[in-house]
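Visitor: I'd like to learn how to read a few features in a protein model. Could you walk me through it?

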Amino acid sequence: MPSERTSRRLAAFTVISVLLFALLLGRLWQMQVLQGHRFRQLSEENRLRDLRLPAPRGILYDRRGRPLVTNRAAFTVSLLPMELRSPQQVLPRLAAILEVTPAEIQQRLQQARRRPFEPVRLLRDAPKRVVAMVEENRLDLPGVIIEVEPVRHYLYGSLAAHALGHLGEIDAAELASPAWEGYRMGDLIGKAGVERSYDRELRGHDGRLRVEVDARGRALGILGRDPAHPGRSLVLTIDLDIQKAAEAALGEMVGAVVVLDARNGEVLAMASHPTFDPNAFAAGISPQAWARLAADRSLPLLSRAVDSTYEPGSVFKVVTAAAALARGTATRATRVTCNGTFRLGGWVFRDLKAHGTVNFIEGVAQSCNVFFWTLGTRTGGEAMAEMARALGLGERTGIDLPSESPGLIPDSHWKQRTQGEPWYPGDNANMAIGQGWVNVTPLQVARMIAAIGNGGTLVRPHLVRQVLDADGRPSRSLTVPPAGRVAFRPDVLATLQEALAAVVQRGTGRGVAIPGLSVAGKTGSAENPRGRPHAWFAAYAPAENPRVAVAVLVEHGRRGGLVAAPVARAVLQAAFGISGVPQARGGPP
C-alpha cells in the first residue's frame, strides 16, 4: 500500500499535469482560433511576395507620328524591409556593391518606414556589373531583389529638352500636396515640360506580380499576375524636322527659338540653348550629376523660350506702330525726317545713322529710331502699353507647360507704384523702341507676330494635339480656343503687314529673304545692362496667308538682322521644305 505521502505527491503531480495540459490547450486554442488568421497571414507573407509592376509611361510622338520619347527596360536594385533581418551584415555589403554609404541606404529605408511591404528602390538603371554582383552574393543579401522597370528613353538626347521635360523622384512636398494624391514615395514623376503637365495621362497604372519564394527569398514560381496598364501616349504639336533645324541653326549661341502655327497656336518647335540631356534624369539623377547641372552658370535647365524675359528692342516697334495707327497719331502717309538725332527737352537721343526723310513703311523697314521716338512721344506710353497687352505681351500665354514668366509692360501706375516716380516723356521715347522696363519672352513675341500676320487672332500656344489610348487609337483631341482677338481696323492691319513685308524685302530683315516664299518680320537689337545687345528677329510666312510664325532671340548677339535673322531663315526653310538658299546679307538692327 502506498504511503499517505506518496499519495499526496501523486495527487499534486496529477493536478500540475492537468493544469499544464490545460495551459497548453488554452495556448493552442489561442493560437489556432483567436490568432489563427494573423499567423496564417504571416505565414503567407513569408512564403508569398507581391511585387509591383511599374507601368510604362505613354510615348511622346511628334505631329507626324514619329516617336520622340519611348521606354526601355532597365534593372533596379531594391530592398524589402520586412526581409532585412541582419542590417548590420547586409547594408555594408550592399553599399559596397552599389558604391554608396550604408547611411544612404539606411536613410532610404527610414523614408519608406511606413510601407514595410513595399520594395525600397536603391539604384535604378543598374549596370550589368552591379546586377551580377548582387546575384553572386544573393545568399548573403536576404531582402535584396532585382526588378525590371521601364525607364524613359529620350531618343534624340537634348533635342527639345525644355519642352519635353524630364523625370525625377517625387519629393516630400509633392507627396503632401493634394495635386499629387495617389502617388507614392519612390515614384518617378514629371518634373518639367510636357512630362509634368501631362503626368497623370502618361503614368498609367502599376500592376502586381505574386511570387512564391523560399526561406532565403529566392523565387520558386509565379502564382498570379495583375498586368500593368501603360500610360496614354501623346501626339505633340512639335515637328521633328523643324525642331532639328531650329536647334542646328541656333548652334552654340545662347538663346531661344519659338515656332508657332500662326493659325492655331500649335508649337512647331521650341529650342533653348544651353540645354541638357533628359536621359540623365530618366532613372533618377545622381547627386553628383545634379550638383554639376545646378552649379552650371550657363543655366542649361532654364528654358529661355518661356521662363526667361528680355528687353525686346526694335521688335517692340511693331507695337508702337500698331498703337500709333490705331490712335490716329500716324497714318501710312506719315513722314519723319531723321538727321540721326531726336531732341526731347534737354535730352538728345542718337540713332545709328541719319535715314533722311522716311514715310511710315520705310520707317518700319529701316527700323529708324528717330521715326519711332517721334511716334512714341505722339502716341504716349498708356496707348503703347494697351496695345502691347492686347497683343499678349506682359502676361503668360497659358501654354501647357508647368511654368512661364509673365514679362512686364510698364505704365504710369506701375512706375509710380514700384519706382515712386511719375511717367516722363522720356519714358515714351524709351518704350517706343522696346527699351526701359519692357520685358517679354520669346514665346510672347512669337504670338504677337502671329497675331499681326493672321489678322488679329491671339492664339494660345500649346504642345499637345492628341491623346492616344493604350492601343494607339485617338481617345481625345485637344482643341485650344484662341486667347482673344485684336480688333484692328482693316487699314491699320494692311499698313502694318505692308511695313513688315518691306522689312524683309528691302529693310533690316533682308537676311531672311527666301526666293519663292514671301516673309514679313521685324528685326531687333536690344540694349541691356548685362553686356552687348540681344539680337531678335520675329517673322511670319507666307506673308499673304501666314501658316508659320517664328521668334528668335540670341543673347548678346548684337544685331538681329545679322545674327537672329539667319536662324529664322533656316527654320522657315525647314518648315516649307525649301533648301539650297544662298546666304543673304542682313541689315543692322
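Guide: Let's take helix packing, salt bridges and a surface patch in turn. Keep in mind that this is a predicted model.

Visitor: How do helix 12 and helix 19 cross?

Guide: The general idea first: two packed helices are described by the angle between their axes and the distance between the axes. Here, the axes of helix 12 (residues 317-327) and helix 19 (residues 490-506) come within 10 Å and cross at roughly 150°. Angles over 145 degrees count as roughly antiparallel, so helix 12 and helix 19 are roughly antiparallel to each other. Their crossing is right-handed.

Visitor: On to charges. How many salt bridges are there?

Guide: The rule asks for a side-chain nitrogen of Lys or Arg within 4 Å of a carboxyl oxygen of Asp or Glu, and by it the count comes to 38 salt bridges. One of them pairs K191 with D171, with the closest N and O atoms 3.8 Å apart. K191 sits in the loop between strand 7 and helix 8, and D171 in the loop between strand 6 and helix 7, so the pair ties together parts 20 residues apart in sequence.

Visitor: Are K415 and D427 buried or exposed?

Guide: Both K415 and D427 are buried. They form a salt bridge, the closest N and O atoms being 2.6 Å apart. That pair links helix 16 (K415) to helix 17 (D427), 12 residues apart.

Visitor: And which residues make the nonpolar surface patch?

Guide: I16, L20 and L23 make it, at about 310 Å². L23 lies in helix 1 and is exposed, with a relative accessible area of 59%.

Notes:
Residues numbered from 1 in each chain as written. Predicted model: local features only at pLDDT ≥ 70, side-chain atom pairs only at ≥ 80, totals over all residues. Heavy atoms only, no water. Patch = residues over 30% accessible without salt bridge, like charges linked within 9 Å, V, L, I, M, F, W, Y side chains within 5 Å. Areas by Shrake-Rupley, 256 points an atom, 1.4 Å probe, with all protein chains shown as cover. Helix = DSSP H or I, 4+ residues; strand = E, 2+ residues; numbered from the N terminus. Buried < 20%, exposed > 50% of the residue type's maximum accessible area, 1.4 Å probe, protein only. Axes fitted to C-alpha atoms, helices over the stretch in contact; angles between N-to-C directions. Parallel < 35°, antiparallel > 145°, perpendicular 65-115°, else oblique. Left-handed = near helix turned anticlockwise from the far one by under 90°.
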